[in-house]
Amino acid sequence: MESKFSKSNSFQSYRSISDDDCSTDGDEEKVIARKRDDDRKASYVTICLLFIIYGFAFTILIPALPSLILKLTAQDSAKSSVLYGLANFVRYILEFFVAPVLGSLADAKGRKPVFILAFVICAVEFVLLACFPSIPMIFITRALSGLFDAGIPTAFAIVTDIAGTTRDTLREL
């Protein structure tokens, strides 16, 4: 089979087709384009739902963590403030150094596994903190969050991959 290149008008991209795949009326390309659009819409909906879940998780944790630390330090607000600051420092310093590694891992192994790993680790973090509330567990869960917090950047990368970078898409922006 000889390979030809045909230009798709809707996506401005080339795809390889064989002589057997050629159709005179172009219905096959319309079906493929419609299927691609349906897959994109489903992916957008899934990512939006996961963002909502992620948002709920953080709107619960962020306001509750200072109160939890205050209870664990026997209402000592000075000690509680220092521990809260240190726990968040651990999280963000780890995230700063590990984010490029997770980005490279997402590029090498795929974005979906890293995306799912980030949400699983987030769930584990909340379960651990709910079941074993203690000062060391706060530091452990904040460290876990810093080490594996790739959910939002990976979701942005997935949306970018889905949207593509055709000239039409760039003109719409």
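Me: What pLDDT does the protein chain average?
Reply: Happy to start there: this is a predicted model, where local features need pLDDT of at least 70 and side-chain atom pairs count only at pLDDT 80 or more, while totals for chains, interfaces and linings use all residues. Residues are numbered from 1 along each chain as its sequence is written, and side-chain values use heavy atoms, with hydrogens and water left out. pLDDT is the predictor's confidence in each residue, from 0 to 100. A score of at least 70 is reached by 79% of the residues, and the chain average is 78.

Me: Which element of the protein chain has the lowest mean pLDDT?
Reply: Elements here are DSSP runs numbered from the N terminus, with helices being H or I of at least four residues and strands E of at least two. Helix α4 (residues 135-148) has the highest mean, 92. Over residues 1-22, pLDDT stays under 50. Where pLDDT is low, the predicted coordinates should not be read in detail. The lowest mean, 41, belongs to strand β1 (residues 3-8).

Me: Which pattern does the protein chain follow along the sequence?
Reply: The chain has six helices and two strands. Read along the sequence, they give β-β-α-α-α-α-α-α.

Me: Is D149 buried or exposed?
Reply: D149 sits in the loop between α4 and α5 (151-163). Buried means under 20% relative accessible area, exposed over 50%, and partly exposed in between (1.4 Å probe, protein chains only). D149 has a relative accessible area of 14%, so it is buried.

Me: With which side chain does the side chain of D149 make a polar contact?
Reply: Leaving aside neighbours within four places in sequence, D149 is in contact (heavy atoms within 4.5 Å) with Y54, R91, E95 and L102. A polar contact is a pair of N or O atoms within 3.5 Å; within protein, one must be able to donate a hydrogen and the other to accept it, and residues adjacent in sequence count only if both atoms are side-chain atoms. At 2.8 Å, the partner side chain is that of R91.

Me: Where is A74, which has a positive phi although it is not a glycine?
Reply: The phi of A74 is about 60°. A74 is exposed, with a relative accessible area of 65%. Q75, also not a glycine, has a positive phi of about 65°, and Q75 is found in the loop between α1 and α2. As for A74, its place is the loop between α1 and α2 (77-109).
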